[in-house]
Amino acid sequence: MRAPVTEVIEAHRVLARLVGPLDDDQVRAASALPGWSRGHVLAHLADNARMFARLAEHALRGELVPAYDGGVDERNAIIEAGAGRSAAGHRAELASRTAELEAVWARLGDADWDRPVTFRNADVAATAYARWREAWIHMADLDLGVRPEDWPVELACHAIDFLLCRLPAGTGVRAEDISREWSVGDRTGTVVTGRVRDLAAWLAGRTPATSPVAAEGLPALGPWPPHPPQGRR
């Protein structure tokens, strides 16, 4: 599996441009995520990069470490502690942590991406895909002008692949703008249709530009794919 490093680096550049003009009042304002300010989203994005860099660094040494030694409580505490930074503080922390992550990835050889990590009990490559999702999905949550309709088509397709498990068995998904289809097992149930970015946004629990449709009505979404015991988004 090729890790989407170039794509993640581009997402980091878009994110940096997005937060560049922010002032302190905008950082303190509510995000699109209930209960979270923009500062919470930015603190999460910065710490998420730190956490993935830590996992990759240890993986290079052949070591398995938890995503968070203190589990989900540590994760939440880090976000809360960082949420109140000034706009300049958030920009600096985000730039530092994304640079740290990209630097660790730059040291990886082809075989290193297959090294195991505790995150989702997967490998280092899976963390790159996760970072790709985190960056674009949370850019929409910042409510600063980036919307799901701005997501790269490849990211939208990957998000559908990843989130398909939220749908009931037998459900089909058809992206009408790129002529691509997915299904959960045998396609014996309802078929959800829409544009690929709208389908990805709906599956991610975000607001699509145009809601997907299904003849029998949209199925209820199951839970987000779980993380290991260290915590979940």
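Me: A salt bridge is a side-chain nitrogen of Lys or Arg within 4 Å of a carboxyl oxygen of Asp or Glu. How far apart are the closest N and O atoms of D143 and R147?

Reply: This is a predicted model, so local features need pLDDT of at least 70 and side-chain atom pairs count only at pLDDT 80 or more, while totals for chains, interfaces and linings use all residues. Residues are numbered from 1 along each chain as its sequence is written, and side-chain values use heavy atoms, with hydrogens and water left out. Side chains of opposite charge can pair when their charged atoms come close. D143 and R147 form a salt bridge, and the gap between their closest N and O atoms is 3.4 Å.

Me: What is the relative accessible area of R147?

Reply: Buried means under 20% relative accessible area, exposed over 50%, and partly exposed in between (1.4 Å probe, protein chains only). D143, the partner of R147, is partly exposed at 38% relative accessibility. R147 is partly exposed because its relative accessible area is 31%.

Me: Which residues do salt bridges that share partners join into one network?

Reply: A search of the whole structure finds 18 salt bridges. Some of them share partners, and these tie into one network the residues E57, R61, E63 and R107.

Me: Where is D69, the partner of R54?

Reply: Helices (H or I, at least four residues) and strands (E, at least two) are DSSP runs, numbered from the N terminus. R54 and D69 form a salt bridge with their closest N and O atoms 3.1 Å apart. This pair links distant parts of the chain, 15 residues apart: R54 belongs to helix 3 (residues 38–60), while D69 is in the loop between helix 3 and helix 4 (71–83).

Me: And in which helix do E100 and R97 lie?

Reply: The closest N and O atoms of this salt bridge are 3.0 Å apart. E100 is partly exposed, with 31% relative accessible area, and R97 is also partly exposed, at 23%. The two are three residues apart, about one turn, and both lie in helix 5 (residues 87–106).

Me: Let's turn to helix packing. At roughly what angle do the axes of helix 1 and helix 5 cross?

Reply: Two packed helices are described by the angle between their axes and the distance between the axes. Axes are lines fitted to C-alpha atoms, for helices over the stretch in contact, and angles run from 0 to 180 degrees between N-to-C directions. Angles under 35 degrees count as roughly parallel, over 145 as roughly antiparallel, 65 to 115 as roughly perpendicular and the rest as oblique, so helix 1 and helix 5 are roughly antiparallel. The axes of helix 1 (residues 5–19) and helix 5 come within 11 Å, and they cross at roughly 170 degrees.

Me: Which residues in helix 5 meet helix 1?

Reply: Contact means heavy atoms within 4.5 Å. From helix 1 come V5, V8, I9, H12, L15 and V19, and they meet, in helix 5, R91, L94, T98, L101, E102 and W105.

Me: Is the crossing of helix 6 and helix 7 left-handed or right-handed?

Reply: Helix 6 (residues 124–141) and helix 7 (residues 153–163) have axes that come within 11 Å and cross at roughly 110 degrees. The two helices are therefore roughly perpendicular. A crossing is left-handed if the near helix is turned anticlockwise from the far one by less than a right angle, and right-handed if clockwise. The crossing of helix 6 and helix 7 is left-handed.

Me: Which residues of helix 7 make the contact?

Reply: Helix 6 contributes Y129, W132, R133 and W136. Facing them in the contact, helix 7 contributes E154, L155, H158 and F162.

Me: What is the relative accessible area of W132?

Reply: W132 is found in helix 6. Leaving aside neighbours within four places in sequence, W132 is in contact with P4, E7, V8, E154, L155 and H158. W132 counts as buried because its relative accessible area is 5%.

Me: How many residues of helix 7 are buried?

Reply: The cover over the buried residues of helix 7 includes helix 6, strand 1 (172–175), strand 2 (180–183) and helix 8 (196–203). Among the buried residues are C157, I160 and L163. Helix 7 is mostly covered, and of its 11 residues the buried ones number eight.

Me: One last stop, the loop between helix 5 and helix 6. What is phi of N121?

Reply: Most residues other than glycine have a negative phi, and most peptide bonds are trans. N121 lies in that loop and is exposed, with 65% relative accessible area. Phi of N121 is positive, in a residue other than glycine, and is near 50 degrees.
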